[in-house]
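Here is a friendly walk through one protein chain, from its overall build down to single residues. Please keep the viewer open as you read.

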Amino acid sequence: MPYGLVHFVRPAAQVDEYLAEVAPYGLGQLVFAMPRFKKLGVLKVPKHNGEMLVRWSQRAAAYDAEHGSSMSLTAVYPGKVATKKNGLNLDDATTRANMLAGIEATVGLGLSGVQLDLEPYPTSPGFVTLLEEIDAMFARVGFHGRLSVAAPATISRWPPAYLHRVSELVTQLDPLYYDSEYSTVAAYQAWMRESLTYYSANASPACRIVPILPSYSANRWHDPAVENIETATGAVADALGAGARVNGAGIWWGYGFLLEEEGAYDASADRAT
């Protein structure tokens, strides 16, 4: 969902309008981005963000009760992983403790899911330890919602053993199938099929695989004539037909798909698909 829908205070009536717009697409997880983790893992969620998470949760529950739908809130916690000196050092216990404290402070605001979006995709033992610590914290506070992670679509990033261990510690893997830099539909779809086959073979059977599909305007990595909902769902269908396991799909991102980036992108074809 667009960041402004949780970053700025909006009345309940306006939240209800957005819920009515989203509901016909069958979107079960409404995903809202939190502020980024700072270098040492500190996360400060402004008061108005917390207020809006509670409001979205309450209004979604009311909408579900009235219309028989099923919508829940997932908060995404983004962060830049250290490559040299800058970014999060996930192998540092203090950094992980700060990240854990920030997540714990928000899980009671009506969330049904927590997602980590840490990029470049972490490959160190510290990431696995962080997931273990989050699971332990969830058990301690009695949080039973989903834990998901943004995951690399490129199969070389997470070797089979690493992918499998990560998948044992989360409820859901969300490989991101956009910004691929492919210039043809055939190449893009082949990349998706190969990746979904890899995830199906190496992820824990108990872990959901939910590919994230593209709907947004062009940039230097993304050609919307190649990467779009139609071509991506075609690749998902082919992968399923070949035996891959897919448990849902997500859309990046609501500002393009729902609001058309205020005229910068025509998402009508994506919505129709």
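Throughout this report, buried means under 20% relative accessible area, exposed means over 50%, and partly exposed covers what lies in between, using a 1.4 Å probe and protein chains only.

## About the model

This is a predicted model, in which local features need pLDDT of at least 70 and side-chain atom pairs count only at pLDDT 80 or more, while totals for chains, interfaces and linings use all residues. Residues are numbered from 1 along each chain as its sequence is written, and side-chain values use heavy atoms, with hydrogens and water left out.

## Overall build

The protein chain contains 10 helices and eight strands; helices (H or I, at least four residues) and strands (E, at least two) are DSSP runs numbered from the N terminus. With a radius of gyration of 18 Å, close to the 19 Å that the globule rule gives for 273 residues, the chain is as compact as a globular protein of that length. That radius is taken over C-alpha atoms, and the rule is 2.2 Å times the number of residues to the power 0.38. Along its principal axes, the C-alpha trace spans about 45 × 45 × 35 Å.

Of the 273 residues, 48% count as buried. A contact means heavy atoms within 4.5 Å, and among the contacts with a separation of 6 or more, 75% are between residues 24 or more positions apart.

## Helix H5 and its surroundings

Helix H5 covers residues 125–141, and its 17 residues reach 25 Å from first C-alpha to last, close to the 24 Å expected at 1.5 Å a residue. The expected span is 1.5 Å times one less than the number of residues. Its buried residues include Phe-127, Leu-131, Ile-134 and Phe-138. The buried residues of H5 pack against helix H4 (93–104), strand S3 (113–119), strand S4 (146–151) and helix H6 (160–169). After H5 comes Gly-142, with a positive phi near 75 degrees.

Is Arg-96 buried or exposed? Arg-96, which sits in helix H4, has 10% relative accessibility and so counts as buried. Leaving aside neighbours within four places in sequence, Arg-96 is in contact with Leu-90, Asp-91, Gly-126, Thr-129, Leu-130 and Glu-133.

## An exposed loop residue

Leu-40 lies in the loop between strand S1 (29–33) and helix H3 (47–67). With a relative accessible area of 55%, Leu-40 is exposed. Beyond its neighbours within four places in sequence, Leu-40 is in contact with Thr-94, Thr-95 and Asn-98. The C-alpha atoms of Leu-40 and Arg-208 are separated by 30 Å, and the two residues are 168 apart along the chain.

## Backbone points to check

Most residues other than glycine have a negative phi, and most peptide bonds are trans. A cis peptide bond joins Glu-119 and Pro-120, with omega about -5 degrees; Pro-120 is in the loop between S3 and H5. The bond from Trp-252 to Trp-253 is also cis, with omega near 5 degrees, and Trp-253 is in the loop between strand S8 (250–252) and helix H9 (254–257).

Asp-179 has a positive phi near 55 degrees. Asp-179 belongs to the loop between strand S5 (172–175) and helix H7 (185–202) and is partly exposed, at 30% relative accessible area. Glu-260 also has a positive phi, about 55 degrees, although it is not a glycine. Glu-260 lies in the loop between H9 and helix H10 (268–272), and its relative accessible area of 21% makes it partly exposed.
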